[in-house]
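Please open the model in your viewer and keep the sequence panel beside it.

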Amino acid sequence: MKITFLGTGTSHGVPPLDCMIRGYDRCPKGVCRKSLTDPRHSRTRTSVLLQKNGKTLIADVSADFRQQALRHNIRKIDAVVLSHGHIDHFGGLPDIRSYTEEEPLTVYASSETLETVRQSFPYMFEARKGRGGGIPRLIMEELNCARDIAGFTVTPVPVTHGSLKECLGLKIDNIGYVPDVKYMDAGSEELLMGLDCLILNCLRDQREHATHMLLDQSMELARRLAPKRCYFIHMTHDIDYEVDGKRLDNWMEFSYDGLVVDVDYNLLTLF
Ligand SMILES: [Zn+2]
Ligand SMILES: [Zn+2]
Ligand SMILES: [Zn+2]
């Protein structure tokens with residue numbers, strides 16, 4: 001399987017507009033300044049593309065989806081899976097319309113997430129009669145058990161993330177994708193134990209956050225789950241790829257936009 005990290009940033013992206021407005025010199029760790037010249041510090045909103053046997057699955061359709069699709073020349077998508085109903089993870093759905101010209105695309109998510117999407121984009125789900133084009137044709141399917149999606153085995157992994165009742169991590173074949181999490185119970189840990197590759201939320205380094213894990217917590221969880229490789233994702237400008245990267249175990253890495261990894265964990269290319 002080929003994994004493309006389309007976006008690796010938290011909901012504000014990096015640089016967040018705040019740092020641009022205040023001036024990059026006031027960025028706490030200088031990461032936003034670095035992002036202007038080193039793309040590993042520039043982070044669009046979180047999403048990954050998985051490809052296997054000619055099939056393409058996208059996990060989360062970020063608010064930056066259009067830009068990511070252009071950057072990676074994504075010409076076909078066979079299915080969409082959403083982790084949860086926060087806008088940074090599904091804000092790009094309007095642009096999915098270009099992939100539904102010939103046939104509808106199925107979106108898999110928890111029932112709570114599907115409902116949030118319906119409420120956020122009511123125009124997509126209203127009767128079409130007499131209306132113009134430009135509306136993605138989506139089939140909304142609840143993901144509440146392991147199932148085959150476009151040739152990938154996708155298992156929902158319930159996690160705790162703020163007040164959401166049905167936030168999911170996703171086990172896709174032997175890869176774990178958990179972009180937003182504060183806590184998961186023993187049953188969910190069991191599902192993610194010993195994977196080939198774990199893609200895990202790591203929000204920032206310092207200052208406790210109510211709904212996300214910090215670097216030390218993410219490393220601790222990763223060590224417990226013991227994957228062969230771990231890539232941290234959904235990061236703020238508080239994570240310096242170079243400086244903080246030295247603190248990671250040798251099987252851990254901060255992901256970055258454009259990182260492509262194959263199942264044998266060879267780094268293929270930076271876009
Ligand atoms: Zn998020
Ligand atoms: Zn900054
Ligand atoms: Zn979230």
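Select Thr4 and then Leu49, its bridge partner in strand 2. These residues belong to strand 1 (residues 2–7) and strand 2 (residues 47–52), which pair in the antiparallel sense over five bridges. Strands are DSSP runs (E, at least two residues), as helices are (H or I, at least four), numbered from the N terminus; two strands pair if DSSP finds at least two bridges between them.

The model is predicted: local features need pLDDT of at least 70, side-chain atom pairs count only at pLDDT 80 or more, and totals for chains, interfaces and linings use all residues. Residues are numbered from 1 along each chain as its sequence is written, while chains are lettered from A and ligands numbered from 1 in the order in which they are written.

Next, select strand 3 (residues 55–59), which runs antiparallel to strand 2 and is joined to it by five bridges. Within strand 3, Leu57 is the bridge partner of Leu50. Two residues lie between the strands of this hairpin, where Asn53 takes a positive phi near 50°.

Now turn to the open sheet of seven strands, ordered 7-8-9-10-11-12-13 with mixed pairing. Its edge strands, strand 7 (147–149) and strand 13 (252–254), each pair on one side only.

Inside this order, select strand 11 (residues 197–201) and strand 12 (residues 229–233), which run parallel and are joined by five bridges. Ile199 has Tyr231 as its bridge partner in strand 12.

Finally, select helix 7 (residues 215–225), which packs on the sheet and touches strand 11, strand 12 and strand 13. Contact requires C-beta atoms, placed from the backbone, to lie within 7 Å.

Note on methods: Two residues are in contact if their C-beta atoms, placed from the backbone, lie within 7 Å. Axes are lines fitted to C-alpha atoms, for helices over the stretch in contact, and angles run from 0 to 180 degrees between N-to-C directions.
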